[in-house]
Amino acid sequence: MPDVFPRSVMFPEYINQIFYLVGEVVVLSAVAVLILSIIVTLLIIYSFKTGNFFAARYMLLGIVLLENVIIALFWIFRADDSIVNDVGVRLRNYINNKKFLMIPYKDRSIFMPQCVRSTECPAKLTPEGIKCINCGRCGVGEAKKRAEEMGYRFFIVPGSSFNKRMIKKYRPRAIVGVGCHMEIKEGLDLCHSHGIPARGVLLSKAGCVATELDWDLFYKSIEEK
Ligand code: SF4
C-alpha cells in the first residue's frame, strides 16, 4: 500500500521541533500549576487550623487563579472543600481589616440577606429594600435597631442588583455583608471594584429560606472599631 502521508511532506523537521517545544511548555505549565496549587492548598489548611495568614495577598491571588485545581485536590483527598471558601472569605476580611476599621460607624452600611428573616415575616418590599418592622419573629429586627443606633445604614437585600443601586445612591465608605459563600465572594469583589473596604459574615446555615446566622459573630463584626 502506498504511503498516503509521506513523512517529508507531512512533518518537516521544524514542525516536529515546534510540536516538541509546545508539548514541553504544556507539561511544564501543568507541573507548575500543580505545584503552586499544592502550596496554596497547604497554606489554606494552615490558615484554617491556626487562624493565621501567611503572605495573605499572594495567597488570595493563588486562591482566585487556582480555585478549581485546589478544590479538585480537596476532592481527591476526600477533604471538605468548603474550607477553601471559608478561608477565602476570612482572607479577604483580613486584607480589608485595617481600612475597614478606619471608617466610622456612621459611614458604614450593612447588607443583610432576606433569607435570614422569619418565614412569617410581615415586612413589605420598598425601593430601599425590605422594611423590617421589628415584629420580634426573627433576629433581624433587633440587629437593625442596634446597628442603626450605632450609626450604620441597614438594608435587607431583596435581590442581586439591589447592592449596586444602594452603593451608587448612598456611597458608603465601608460595608458589612452577610450571606452564603457565593454572595459574600461576589459582594466583596463588588466592593473591591468600588474601592470600598468590606467585611463578610458567613451564614451559619445557608439556603434559600430560613437561613441561620451566628448573631454573636455578626455583632462582634459590626461593633469592632
Ligand atoms: S423582625 Fe423584621 S425581618 Fe424579622 S420577621 Fe419581623 S419584620 Fe420580618
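## Pockets and helix packing in a predicted model

The largest share of the lining of the largest pocket comes from α7, which puts in seven residues. Keep in mind that this is a predicted model. Now for the rest of that pocket. Its volume is about 540 Å³, and 25 residues line it. Closest to the centre of the pocket sit Val 157, Ser 160, Asn 163, Glu 183 and Gly 187. Sort the lining of the largest pocket by class and you get 14 nonpolar, seven polar and four charged residues.

The structure has one cavity of 30 Å³ or more, and the volume of the largest cavity comes to about 70 Å³.

| Helix pair | Axes come within | Crossing angle, roughly |
|---|---|---|
| α2 (residues 13-50) and α3 | 8 Å | 95° |
| α3 (residues 56-76) and α4 (residues 82-102) | 10 Å | 175° |
| α5 (residues 140-150) and α8 (residues 215-223) | 11 Å | 15° |

Start with α2 and α3. With axes crossing at roughly 95°, α2 and α3 are roughly perpendicular to each other. On the α2 side, the residues that meet α3 include Val 33, Leu 34, Leu 36, Ser 37 and Ile 38. Among their partners in α3 are Met 59, Gly 62, Ile 63 and Leu 66. By class, the contact of α2 with α3 has 15 nonpolar and four polar residues, with no charged ones.

Next, α3 and α4. Their axes cross at roughly 175°, and since angles over 145 degrees count as roughly antiparallel, that is the label for α3 and α4. From α3, the contact takes in Ala 56, Arg 57, Met 59, Leu 60, Ile 63, Val 64, Glu 67, Ile 70, Ile 71 and Phe 74. From α4, the residues in the contact include Ile 83, Val 84, Asn 85, Val 87 and Gly 88. The class count for the contact of α3 with α4 is 14 nonpolar, two polar and three charged residues. Met 59, for one, shows up in the contact of α3 with α4 and also meets α2.

Then there's the pair α5 and α8. The axes of α5 and α8 cross at roughly 15°, which makes α5 roughly parallel to α8. The crossing of α5 and α8 is right-handed. Val 140, Glu 142, Ala 143, Arg 146, Ala 147 and Met 150 of α5 make the contact with Trp 215, Phe 218, Tyr 219, Ile 222 and Glu 223 of α8. That contact of α5 with α8 has eight nonpolar and three charged residues, and no polar ones.

Setting aside its neighbours within four places in sequence, Ser 204 is in contact with Glu 212, Leu 213 and Asp 214. Pro 104 is 100 residues away from Ser 204 along the chain, and the C-alpha atoms of the two are separated by 27 Å.

How values were computed: Residues numbered from 1 in each chain as written. Predicted model: local features only at pLDDT ≥ 70, side-chain atom pairs only at ≥ 80, totals over all residues. Heavy atoms only, no water. Axes fitted to C-alpha atoms, helices over the stretch in contact; angles between N-to-C directions. Helix = DSSP H or I, 4+ residues; strand = E, 2+ residues; numbered from the N terminus. Parallel < 35°, antiparallel > 145°, perpendicular 65-115°, else oblique. Left-handed = near helix turned anticlockwise from the far one by under 90°. Contact = heavy atoms within 4.5 Å. Nonpolar A, V, L, I, M, F, W, Y, C, P; charged D, E, K, R; others polar. 1 Å grid on protein atoms, 1.4 Å probe; cavity = no way out; pocket = protein on both sides within 12 Å on 5 of 7 lines; lining within 4 Å. Points joined across faces, edges and corners; volume = space filled by probe spheres on them.
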